[in-house]
Amino acid sequence: MNNLQSEVLIIGAGPAGLAAALAVGESRQRIVMLDDNPRPGGQIWRDGPAVTLPAIALRYRQAVEALDNVTLLSATKVVAQSGPQQLLYENAQGCGTIDYQRLILCCGARELLLPFPGWTLPGVTGAGGLQAQLKNGLSLQGERIVIAGSGPLLLAVADSVTKAGGKVILLAEQAPMKRLARFASGLWHWPVKVRQSFRLIHRRYRPNSYVVEALGEQRLTAVRVQQGEQVRTIACDRLACGFGLVANIELAMLLGCRIKNAAIAVDALQQTSVANLYAAGECTGVGGSELALAEGAIAGYAASGNSVRAQALLAKRSVWQRFAAAVSQTFVLNPTLKTLGAADTFLCRCEDVALGEIDAKTGWGATKLHSRCGMGACQGKICATAARHLFDWPLPQPRVPLTPARLETLALLAPHPNPLPQGEGAGTVSFSGVKVICDSVDTEEEFTK
């Protein structure tokens with residue numbers, strides 16, 4: 001077990017986290033940066049064997065690597081709060097705790113996936129999920145790809161698919177043409193986005209379109225798509241589908257931060273409602289890398305006591321906040337997307353829980369009690385987020401552990417845990433509100449308050 005000491009702890013090494021580290025680094029304070037990816041960059045600057053990183057990503061990475069007051073823990077996840085201003089972490093090498101004086105959350109966002117018939121077929125992935133596979137070297141040579149959902153990410157995914165040898169036969173955007181035209185006409189306020197749009201525009205882009213069903217027996221073979229008033233069946237090899245992004249706020253909720261509009265609420269200097277706790281980037285509201293960089297720098301300067309430098313960046317942040325607002329207004333999801341799933345359509349893919357088993361009136365807590373929904377590998381990150389959108393449920397309160405963890409890690413949550421059972425047989429170990437039931441043949445872990 002390792003215990004690390006930091007003056008500033010940064011969770012997340014995407015654009016916001018890297019910008020925060022550079023800002024704090026100027027003060028020479030001790031920084032620990034923790035990230036669950038194997039290399040810094042987050043999802044938008046995700047590295048891999050098939051990736052040519054943009055120049056700005058390389059500059060930030062190299063600048064942070066050059067700081068001798070930064071300790072970077074990659075491929076590491078936060079498990080729980082283990083004490084006042086202390087977090088418990090785990091990675092492949094072991095586990096430990098990190099003490100901090102100030103904390104900056106740059107936890108990013110994840111895709112919103114919505115269920116529809118056939119969405120669990122092999123060959124169907126999230127749009128961002130396919131992009132991550134491509135960056136890790138997946139070849140799509142000769143494959144026919146349908147990309148569907150909503151938001152600017154779809155265009156970036158289409159560009160990645162083409163570079164990987166795939167053929168985009170349809171790019172279905174659910175937003176109507178009128179909203180998209182209004183958005184495009186205002187892009188001149190952000191010249192860099194005009195240049196990006198010219199580079200990413202795709203001739204297969206179709207507004208007011210969405211997938212209603214994925215078809216196939218053992219694997220995806222075609223999709224049924226609603227395009228305006230018509231429904232078309234299109235043969236394809238893959239479907240990449242994503243309905244925008246949702247902020248990762250579970251750790252912030254666990255720490256007691258105020259949440260507003262399903263994101264971490266912050267003040268002008270990126271401070272949350274909790275003293276000495278700041279947040280920046282997509283976890284405070286989805287807005288893109290430019291906004292994340294500005295927010296990260298402001299949070300870093302504010303957390304390290306340099307309010308003058310933080311204040312100087314407010315105007316820059318405001319420019320990209322306006323862009324984020326325009327994106328949000330443009331890509332509001334069509335309510336029809338809530339009705340696509342049938343009774344036998346899985347909501348929880350990990351535990352095969354169908355929509356017909358869910359009582360929309362009960363809420364997430366009752367759903368978990370009466371089914372295994374949210375009990376699988378993703379720990380509800382996909383199904384709970386989808387259910388929240390489908391049924392308008394309130395945000396569920398996160399519980400410890402935030403992610404599946406080894407027993408040796410969970411044991412650190414208690415000052416004096418009972419000894420683990422030795423040899424064969426069964427036993428129970430209880431500590432700090434976590435109850436682990438062990439059996440010699442099968443192991444079931446039950447985490448209770």
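Confidence in this predicted model averages a pLDDT of 90 over the protein, and 92% of the residues reach 70 or more.

Five strands make up an open sheet with parallel pairing, in the order 4-3-2-8-21. Strand 4 (70–73) and strand 21 (277–279) sit at the edges; each has a single partner strand, so one side of each goes without a neighbour in the sheet. From one strand to the next, the twist averages 15°. Within this sheet, strand 2 (residues 8–11) and strand 3 (residues 31–34) run parallel and are joined by four bridges, with L9 finding its bridge partner, V32, in strand 3. Helix 1 (residues 15–25) packs on the sheet, where it touches strand 2, strand 3 and strand 8 (102–105). The direction of helix 1 makes about 175° with that of strand 3.

An antiparallel pairing turns up between strand 5 (residues 77–83) and strand 6 (residues 86–91), which are held together by five bridges. Here A80 has L88 of strand 6 as its bridge partner. The two strands form a hairpin with two residues between them, and Q85 takes a positive phi near 55° in this hairpin.

The largest nonpolar core counts 41 residues, and the members touching the most others are L114, F116, V223, L239 and L347. At least two residues each come from strand 11 (144–149), strand 12 (167–173), strand 14 (209–215), strand 15 (222–227), strand 17 (238–242), strand 22 (346–348) and helix 12 (383–391). Helix 12 is the biggest contributor, giving five residues. Leaving aside residues up to four places away in sequence, V223 touches V146, V211, E213, A214, R232, T233, I234, C236 and L239. There is also a second, separate core of 33 residues, with W45, A280, I298 and Y301 among them.

As for helix packing, helix 3 (residues 127–135) and helix 4 (residues 153–163) have axes that come within 10 Å and cross at roughly 30°. The crossing is left-handed. On the helix 3 side, the residues involved are A127, G128, L130, Q131 and L134, and these meet L153, L154, A156, V157, S160 and V161 of helix 4.

A few backbone details in the loops deserve a look. The loop between helix 12 and helix 13 (407–410) holds P401, and the peptide bond leading from V400 to P401 is cis, with omega near -5°. D392 lies in that loop between helix 12 and helix 13 too. Though not a glycine, D392 has a positive phi of about 60°, and its relative accessible area of 58% makes it exposed. N276, in the loop between strand 20 (263–264) and strand 21, is another non-glycine residue with a positive phi, near 65°. At 35% relative accessibility, N276 counts as partly exposed.

Finally, D359 is found in the loop between strand 23 (353–354) and helix 11 (364–370). With a relative accessible area of 40%, D359 is partly exposed. Eleven residues separate D359 from H370 in sequence, and their C-alpha atoms are 9.8 Å apart in space.

How values were computed
Residues are numbered from 1 along each chain as its sequence is written. This is a predicted model: local features need pLDDT of at least 70, side-chain atom pairs count only at pLDDT 80 or more; totals for chains, interfaces and linings use all residues. Side-chain values use heavy atoms; hydrogens and water are left out. A nonpolar core is a set of buried Ala, Val, Leu, Ile, Met, Phe, Trp, Tyr and Cys residues joined through side-chain atoms within 4.5 Å. Buried means under 20% relative accessible area, exposed over 50%, partly exposed in between (1.4 Å probe, protein chains only). Contact means heavy atoms within 4.5 Å. pLDDT is the predictor's confidence in each residue, from 0 to 100. Two strands pair if DSSP finds at least two bridges between them. Axes are lines fitted to C-alpha atoms, for helices over the stretch in contact, and angles run from 0 to 180 degrees between N-to-C directions. A crossing is left-handed if the near helix is turned anticlockwise from the far one by less than a right angle, and right-handed if clockwise.
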